[in-house]
Every structure is written in C-alpha cells, then in structure tokens.
Amino acid sequence: MSENSPESAHCHRERVDGGVTVLEVGGELDISTAPLLASRLDALTAGPRPDLVLDLRPVSFMDCSGLSLLCRARNRTAARHGRLRLVCDSNRFLRILEHARLAGTFEIHTRLPDTPAAARAACRTATG
C-alpha cells in the first residue's frame, strides 16, 4: 500500500445504460479507500433489483477491505434480487479470490458485458 490519500481509489466513470449501472473503479482499494466506495455501492444497491457492473480493471491494488466491500455489494444485490458483475482481466485478482475461497461467489467477466442499450443497438445494426 502506498501513502496515497483516500482519493487514490475513485470512480473514474459511472453511467447507467438501460437500467444497468456501470461503475469503473481505479487506483487502490484498501482500508483507507474502501469506505468512500462503500457509501456509493450502498446507494447503488439500495433499491429493488439493482443491476450493477463493477469494472475493476483499473484497480492497481486491493486488500481484504476491498474483498469485504465486494462481498457486501454482492450480498446486498442478491438480497434485493439484483445482479452484480465484476469485470477483471487480472490473473492475480482471480488467484486472490481462489485463496479467499470466493472464486465461485462472483460473476466475473474479462471485458464489459453488453448492456441492454448496446444489445439493442447491435440488433438494429445486424437487422437494418
């Protein structure tokens, strides 16, 4: 962990596409930065049937506080009959999940999944 300020983990981008919230997280996700992201994730998972994609590819470091945060978001989403997807292309992160016995807990993608609006646009392009 570096001596970065709590702003070292932040949302680069957040957008809503067809009811799916895509949140890109970057920097370090550790004990000093997790609370900032936790409040945003709590807000995003507060309603019924949240549909959330967390793009973790820009995250440079994650400790157990980050894992705990992801588990909390997953549990809140599941309790509200929603969906949480993680986007990560790091073998290091996947090994961390395996060692923490969380490998089968999350829906993980290596690239951003198609959102409803992107799927509709692709369908229009293919048929039109």
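In which helix is the place of Arg76?

Author: Arg76 has its place in helix α2. The structure is a predicted model, in which local features need a pLDDT of at least 70 and side-chain atom pairs count only at pLDDT 80 or more, while totals for chains, interfaces and linings use all residues. Residues are numbered from 1 along each chain as its sequence is written, and side-chain values use heavy atoms, with hydrogens and water left out. Helices (DSSP runs of H or I, at least four residues) and strands (runs of E, at least two) are numbered from the N terminus.

Arg76 counts as buried because its relative accessibility is 17%; buried means under 20% relative accessible area, exposed over 50%, and partly exposed in between, with a 1.4 Å probe and protein chains only. Apart from neighbours within four places in sequence, Arg76 is in contact (heavy atoms within 4.5 Å) with Asp42, Thr45 and Ala46.

Helix α1 spans residues 34–44, and its buried residues are Ala34, Leu37, Ala38, Leu41 and Leu44. These residues lie on the same side of α1 because they cover an arc of only 125 degrees around the axis, the arc being that of the directions from the helix axis to the C-beta atoms. An α-helix has 3.6 residues a turn, so residues three or four places apart point the same way.

The largest nonpolar core has 24 residues, and Leu41, Leu54, Leu56 and Phe93 have the most contacts inside it. Such a core is a set of buried Ala, Val, Leu, Ile, Met, Phe, Trp, Tyr and Cys residues joined through side-chain atoms within 4.5 Å. At least two core residues come from each of β2 (20–29), α1, β3, β4 (59–62), α2 (64–79), β5 (83–87) and α3. The greatest contribution to this core is that of α1, with 5 residues.

Leu86 is the bridge partner of Leu54 in β5, and β3 and β5 pair in the parallel sense over 5 bridges; two strands pair if DSSP finds at least two bridges between them. On β6, Leu86 has Ile108 as its bridge partner, and 3 bridges join the parallel strands β5 and β6. Of the 5 residues of β5, 4 are buried.

Arg49, in the loop between α1 and β3 (51–55), counts as exposed because its relative accessibility is 61%. Its phi is positive, about 50 degrees, although Arg49 is not a glycine. Arg101, in the loop between α3 (91–99) and β6 (107–109), is exposed with a relative accessible area of 76%, and its phi is near 60 degrees.

The chain contains 4 helices and 6 strands, in the order β-β-α-β-β-α-β-α-β-α. Of its 128 residues, 38% count as buried. The average pLDDT, the predictor's confidence in each residue from 0 to 100, is 86, and 80% of the residues score at least 70. Over residues 1–7 the pLDDT is below 50, and this stretch has 10 contacts in the model beyond near neighbours in sequence.
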